[in-house]
Amino acid sequence: MPTRRPSHSTRFRAGAPASRASTGRARRNASQGRTLGPTPQTAAGRKRRSSGPAVSQQRPSLVRPLVLGVLALLLGLGISAALRGCDLGLAQKSPYDWSNLDTSGTYFAYKEDGKVVSAVGVDVSDHQGKIDWNTVAQSGVSFALVRVGNRGTTEGGLFEDSRYRQNIQGAQEAGLTVGAYFFSQATTPQEAEEEAQFVKELLSGIELSGPVAFDLEVTPGSRAEGLTQAQATACARAFCQEVASLGTGPLIYGNSNDLELFDQELLDDYPLWYAQYQTRQPSCTLPFIMWQYTDSGQVPGISTPADLNLLMKAS
């Protein structure tokens with residue numbers, strides 16, 4: 001796996017504790033779902049049965065090398081898949097010491113030398129309804145990622161989030177660092193550029209202090225189902241390049257299965273927002289900057305369950 005650069009150009013601006021984030025979960029789009037867990041791998045091999053002395057005398061130089069070659073190829077493919085997979089833990093050593101994670105409080109916190117270096121944020125959409133952002137801020141939340149829109153999972157239309165302006169304005173007035181995300185179902189780079197232009201239009205006149213995230217989720221029956229790695233990577237890159245001037249730059253969101261959609265070069269080029277729930281320690285070893293650790297957080301000021309995110313190092 002290529003060595004990941006120690007830092008990215010995307011930065012949260014000074015003010016409220018800095019953070020990056022982007023997308024959302026199933027309730028952001030009722031037809032979406034997400035599964036967690038290791039990416040399935042294939043490794044097949046079959047022991048050749050000897051059919052008698054005649055075979056062993058006549059074909060040892062052809063059959064055996066062929067079988068061994070196939071086995072070697074399959075083994076190589078399995079190792080390559082393992083090196084790409086977050087959950088397999090073979091990619092590289094995690095940059096975080098998870099013994100420093102404190103889960104005893106209202107929100108998770110990551111510490112170094114006994115001092116909290118992380119920040120907590122929420123990502124929201126119109127599914128959360130009206131939000132009391134002052135109460136959210138007073139509870140200890142430092143940043144927010146607001147969905148500005150989405151592409152439909154079947155017909156593919158572009159839709160704005162009905163509350164994105166209110167949420168951005170409310171979070172900003174409450175003193176939070178604010179970024180945005182878009183739920184993508186792009187199947188071509190041209191569609192991804194169209195989505196990015198749509199986001200730029202919706203954010204015209206709005207200054208963000210956080211990043212803009214690309215959230216591509218592929219589920220059974222969705223229009224993005226069946227995308228190859230090359231196609232998904234091209235879509236993500238096209239979107240990120242178009243929104244590079246917005247806020248503090250692009251961010252890529254996903255759980256282990258989502259991130260498997262992209263080639264490693266893309267994951268090295270852009271900061272990652274990783275999603276994994278119901279675990280004390282993320283299994284992904286990629287150096288993500290933010291962890292979405294639950295989709296059922298209870299946040300004062302938000303009447304519905306909310307996604308909670310831990311910006312690992314806010315300074």
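Is Thr177 buried or exposed? Select Thr177 and check: at 3% relative accessibility, Thr177 counts as buried (buried is under 20% relative accessible area, exposed over 50%, partly exposed in between, with a 1.4 Å probe and protein chains only).

Before going further, some ground rules. This is a predicted model, where local features need pLDDT of at least 70, side-chain atom pairs count only at pLDDT 80 or more, and totals for chains, interfaces and linings use all residues. Residues are numbered from 1 along each chain as its sequence is written, and side-chain values use heavy atoms, with hydrogens and water left out.

**Stop 1**

Thr177 lies in strand S7, residues 177-184 (strands are DSSP runs of E, at least two residues, and helices are runs of H or I, at least four, numbered from the N terminus).

**Stop 2: strand S12**

Select 306-311 to get S12: six of its six residues are buried, so the strand is largely enclosed by the rest of the structure. Colour by face and you'll find Ala306, Leu308 and Leu310 on one side, with Asp307, Asn309 and Leu311 on the other, all buried. As background, side chains in a regular strand alternate between the two faces of the sheet.

Next, bring in the partners of S12. Strand S4, residues 119-124, pairs with S12 in the antiparallel sense over five bridges (two strands pair if DSSP finds at least two bridges between them). Strand S11, residues 290-297, also runs antiparallel to S12, joined by five bridges. Zoom in on Met290 there, and you'll see Leu311 of S12 standing opposite.

**Stop 3**

Jump to residues 109-112, which make up S2. This strand belongs to an open antiparallel sheet of three, ordered S1-S2-S3. S1 (101-102) and S3 (115-116) are the edge strands, each with a single partner strand, so one side of each is left without a neighbour in the sheet. Two bridges join S1 to S2, and Leu101 stands opposite Tyr110 in S2.

**Last stop: colour by pLDDT**

pLDDT is the predictor's confidence in each residue, from 0 to 100. The protein chain has a mean of 79, with 71% of its residues at 70 or more. Select 1-10: pLDDT stays under 50 there, and the model has 29 contacts beyond four places in sequence for this stretch (a contact means heavy atoms within 4.5 Å). Residues 87-91 also stay under 50, with 17 such contacts. Where pLDDT is low, the predicted coordinates should not be read in detail.
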